[in-house]
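Please read it with the sequence and the model at hand.

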Amino acid sequence: AKFDGNNAPKGKGFVPPGGFSIDAKTGQVPKELNGWARINFKNGDYEGEFEDGKPNGYGRTHWDEFKMAYHGEMVNQHMNGEGTFFFANGDMLEGTFEQHKPKGPGVLTQLKTGKRFNVEYDGTKKLSEGAEPTVKTYIEDPMHLFVEHRVTITACSRGDKHQAFVGNYSHCKKSIDGKLAFCVPFRAHRPLENADQIRGKIAVVQRGTCSYGKKLRFVQEAGAIAMVVIGTDNLEKYQQVFQIHEGDPLADDPWPEGQCPAPVNVEIPVCYSLGINERKFPHGAYVRLRFFEGAPGTPKGWLLGCLFVNKQSIHPDLNKDEAKNLLAEFLNARKDERNVEKIGLEKRLKGEDTRRPGQFNPTGENLMEAFKGNVKTGVAHMQGKDDIDESDLVPQVIDDLVAGYEGSMTFVTAEPPPATYVSKKKTLDFHEKQRKEAALRIKNCAGRRQMDSDSTFEMGLGDALYNLIAGNNK
């Protein structure tokens with residue numbers, strides 16, 4: 001590619017993976033810029049796809065002054081299409097945008113609490129103009145992940161930038177299981193505002209604004225168990241190993257005079273993932289982080305690993321008060337249940353009837369009376385009648401219903417017979433299936449086992465206990 005006097009690409013050519021870093025704080029972006037590039041402007045930066053000098057396609061914008069960011073689709077330098085907007089207060093909006101304005105349904109996640117809301121915007125205002133959702137409803141149900149992800153990652157080495165690179169991964173020896181948590185701010189270039197949410201979790205941060213060492217300093221102070229750095233270039237490939245410098249902090253980042261901290265000490269695993277994988281790391285997901293030392297094909301001086309995101313339901317975290325109230329509510333409910341059981345037991349010991357009004361009693365001389373309500377009504381309904389004579393209640397029906405009530409029988413609903421055009425083989429298979437189901441029905445009927453050795457998975461509780469005590473494992 002050719003460059004002009006400002007070191008900007010010249011000519012209508014594709015920007016290669018990795019892009020160009022252009023300082024546009026004092027100048028304009030060349031109209032000939034096409035492809036992927038990184039632009040630094042007065043109060044932030046943009047990295048993404050360009051067409052004729054304007055952001056078109058996917059990109060990531062970060063506004064330092066407003067402490068906001070946007071990751072998503074762009075059209076003619078405007079947020080347009082699906083994207084994610086990061087607010088200054090730590091909220092994250094996933095939805096659709098038109099000309100910088102959120103429009104339609106979306107999901108708002110509070111990264112400081114983990115709570116999620118269904119929201120809807122009318123598309124009349126920009127977020128910078130104070131756009132507020134017209135609908136905001138708390139989502140009680142957990143978020144479900146129906147797709148598994150296996151993301152290749154590279155471990156970040158530790159060392160001194162003034163010494164030769166050796167690939168020191170002593171901090172990445174152990175595997176980590178834990179929840180992912182997005183940092184606020186996402187680039188972790190200042191002390192974290194959601195430290196309580198990061199504690200005990202795998203911190204997810206975005207590359208940019210400061211060194212990895214500075215990010216790690218704030219992440220470790222918050223109590224994270226690992227840190228995952230996500231790239232900002234969707235065309236990037238794994239081409240280098242990133243190193244966390246444990247030397248002089250001023251060698252990497254500017255610090256206010258008199259406030260330069262001591263060199264950072266790497267205490268937790270740190271890894272890097274390509275920007276294309278960002279959406280595979282949902283906030284709150286439980287994952288497994290593994291490193292594979294000496295894996296086949298590993299370049300010299302590298303350590304490869306994998307981050308496993310399985311299918312799951314993501315529940316929001318509870319703060320101390322919410323957890324305390326939930327536990328108290330559970331214990332009180334169980335206490336009420338125990339009191340009801342205690343009262344019932346005391347009545348039964350005294351010989352009192354503890355059945356609820358209308359509860360079925362399958363024993364005693366009033367067996368037929370117990371069936372008059374339920375069975376007669378059911379049989380009459382099946383035959384399309386308002387009522388039915390008791391003599392029409394076949395004893396077989398009574399035996400089956402009693403067995404089912406006692407839990408020693410499995411009711412089987414027969415499938416409709418096959419149509420006349422079904423093949424002979426399928427017809428025979430159908431009848432064989434019916435025969436087996438009928439045999440299972442007879443075997444499970446109370447008082448009708450053909451032999452003492454007969455057993456099924458759904459045998460009565462009494463028979464199961466007898467076989468267990470007698471040592472019969474058939």
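This is a predicted model: local features need pLDDT of at least 70, side-chain atom pairs count only at pLDDT 80 or more; totals for chains, interfaces and linings use all residues.

The numbered points below go from the whole chain to one part of the sheet, then to single residues.

1. The chain holds seven helices and 24 strands. Of its 474 residues, 39% are buried. The accessible surface comes to about 28,200 Å², and carbon and sulfur atoms account for 52% of this surface.

2. Contacts along the chain. Taking contacts between residues at least 6 apart in sequence, 47% join residues that are at least 24 apart.

3. The barrel. Seven strands form a closed barrel in the order S15-S21-S19-S18-S17-S22-S23, and the pairing is mixed. On average, neighbouring strands of this sheet are turned by 35° against each other, direction ignored.

4. Strand S18 and its partners. Which strands pair with S18 in the parallel sense? On one side is S19 (residues 226-230), joined to S18 (residues 202-206) by five bridges in the parallel sense. Within this pairing, alanine 203 has methionine 227 of S19 as its bridge partner, and valine 205 stands opposite valine 229. The strand S17 (residues 176-182) also pairs with S18 in the parallel sense, over three bridges. There, phenylalanine 182 stands opposite valine 204 of S18.

5. The crossover. From S18 the chain passes through H2 to S19, and this β-α-β crossover is right-handed.

6. Burial of S18. Is strand S18 largely enclosed or largely open? Because five of its five residues are buried, S18 is largely enclosed by the rest of the structure. Its side chains are divided between two directions: Ile202, Val204 and Gln206 point one way, Ala203 and Val205 point the other way, and all are buried.

7. Helix H2 against the sheet. Helix H2 (residues 212-221) packs on the sheet and touches S18, S19 and strand S21 (270-273). The direction of H2 makes about 140° with that of S19. Since nine of the ten residues of H2 are buried, the helix is largely enclosed by the rest of the structure. The buried residues are Tyr212, Gly213, Lys214, Lys215, Leu216, Arg217, Phe218, Val219 and Gln220. Their cover includes S18, S19, S21 and strand S20 (243-245). Just after the helix, glycine 223 takes a positive phi of about 95°.

8. Arginine 217. This residue is found in helix H2. Why does arginine 217 count as buried? Its relative accessibility is 12%, and the cut-off for buried is under 20%. Apart from neighbours within four places in sequence, arginine 217 is in contact with Pro249, Trp255, Pro261, Ala262, Pro263 and Val264. The side chain of arginine 217 reaches the backbone oxygen of alanine 262 at 2.9 Å.

9. Glutamine 220. Helix H2 also holds glutamine 220, which is buried with a relative accessible area of 17%. When residues up to four places away in sequence are not counted, glutamine 220 touches Val264, Asn265, Val266, Glu267 and Ile268.

10. Backbone features in loops. Three further positions deserve a look at the backbone. Valine 184 and proline 185 are joined by a cis peptide bond, with omega about 5°; proline 185 is found in the loop between S17 and helix H1 (195-198). Glutamine 77 has a positive phi of about 70° although it is not a glycine. Its place is in the loop between strand S8 (68-75) and strand S9 (78-86), and at 45% relative accessibility glutamine 77 counts as partly exposed. Histidine 100, likewise not a glycine, has a positive phi of about 75°. Histidine 100 lies in the loop between strand S10 (91-98) and strand S11 (101-110).

Definitions and conventions. Residues are numbered from 1 along each chain as its sequence is written. Side-chain values use heavy atoms; hydrogens and water are left out. Two strands pair if DSSP finds at least two bridges between them. Helices (H or I, at least four residues) and strands (E, at least two) are DSSP runs, numbered from the N terminus. Axes are lines fitted to C-alpha atoms, for helices over the stretch in contact, and angles run from 0 to 180 degrees between N-to-C directions. Contact means heavy atoms within 4.5 Å. Buried means under 20% relative accessible area, exposed over 50%, partly exposed in between (1.4 Å probe, protein chains only). Accessible areas come from the Shrake-Rupley method with a 1.4 Å probe; for residues, only the protein chains shown count as cover. A crossover is right-handed if, with the strands pointing away from the viewer, the path from the first strand over the helix to the second runs clockwise. A polar contact is a pair of N or O atoms within 3.5 Å; within protein, one must be able to donate a hydrogen and the other to accept it, and residues adjacent in sequence count only if both atoms are side-chain atoms.
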